Amino acid sequence: MAGIGKGVGFEDLLPVIANKLGGEGLIKELCNGFQLLMDKDKGVITLESLRRNSALMGLQDLKEDELVSMMREGDLDGDGALTQMEFCVLMFRLSPQLMEESWFWLEEALHHELNNNDNDNSSASI
């Protein structure tokens, strides 16, 4: 993991998931991962919930300082917890290959959106 778990072997599976499920499927899987790691009462991932639930995501070998580093790196608003959006952004940032491929997914989404808008506009003019 970029900057996290330098001593831990990490297999970057996000690109594999993205290739199999597409962009929407990947986001859905990331949201499922967030649900597994979050504190159910607070609706965010806390350091405590990450410690408690990390084995569910195959992260049981991460050391305390690695978990703290993960939280610190992902906590964009500085509140000490990860929202679903912060978690998804962190997962993209920790996946070097996915970051490279993200331009492809962005272009694909924009192309799809433009095609939908063109179809909507041509339907409206008929």
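Predicted model: local features only at pLDDT ≥ 70, side-chain atom pairs only at ≥ 80, totals over all residues.
The ring centres of phenylalanine 34 and phenylalanine 87 sit 6.0 Å apart with their planes at 50 degrees, so the pair is tilted. It ties together distant parts of the chain, with phenylalanine 34 in helix 1 (residues 14–37) and phenylalanine 87 in helix 4 (residues 84–93), 53 residues apart.

On to the charged side chains. The structure has 4 salt bridges, including these:

| Salt bridge | Closest N and O atoms | Where |
|---|---|---|
| glutamate 48 with arginine 51 | 3.1 Å | both in helix 2, 3 residues apart |
| glutamate 48 with arginine 52 | 3.9 Å | both in helix 2, 4 residues apart |
| arginine 93 with glutamate 73 | 3.4 Å | helix 4 and helix 3, 20 residues apart |

Arginine 93 is partly exposed at 37% relative accessibility, and glutamate 73 is partly exposed at 23%. Shared partners join Glu48, Arg51, Arg52 and Glu64 into one salt-bridge network. Within it, glutamate 48 is partly exposed with a relative accessible area of 42%, arginine 51 is partly exposed at 35%, and so is arginine 52 at 46%.

What about nonpolar side chains on the surface? Leu36, Leu56 and Met57 make up a nonpolar patch there, with about 270 Å² of accessible area together. Leucine 56 sits in the loop between helix 2 (47–53) and helix 3 (64–74), and with a relative accessible area of 56% it is exposed.

Terms used:
Residues numbered from 1 in each chain as written. Heavy atoms only, no water. Phe/Tyr/Trp six-rings, centres within 6.5 Å; stacked < 30°, edge-to-face > 60°. Helix = DSSP H or I, 4+ residues; strand = E, 2+ residues; numbered from the N terminus. Patch = residues over 30% accessible without salt bridge, like charges linked within 9 Å, V, L, I, M, F, W, Y side chains within 5 Å. Areas by Shrake-Rupley, 256 points an atom, 1.4 Å probe, with all protein chains shown as cover. Buried < 20%, exposed > 50% of the residue type's maximum accessible area, 1.4 Å probe, protein only.
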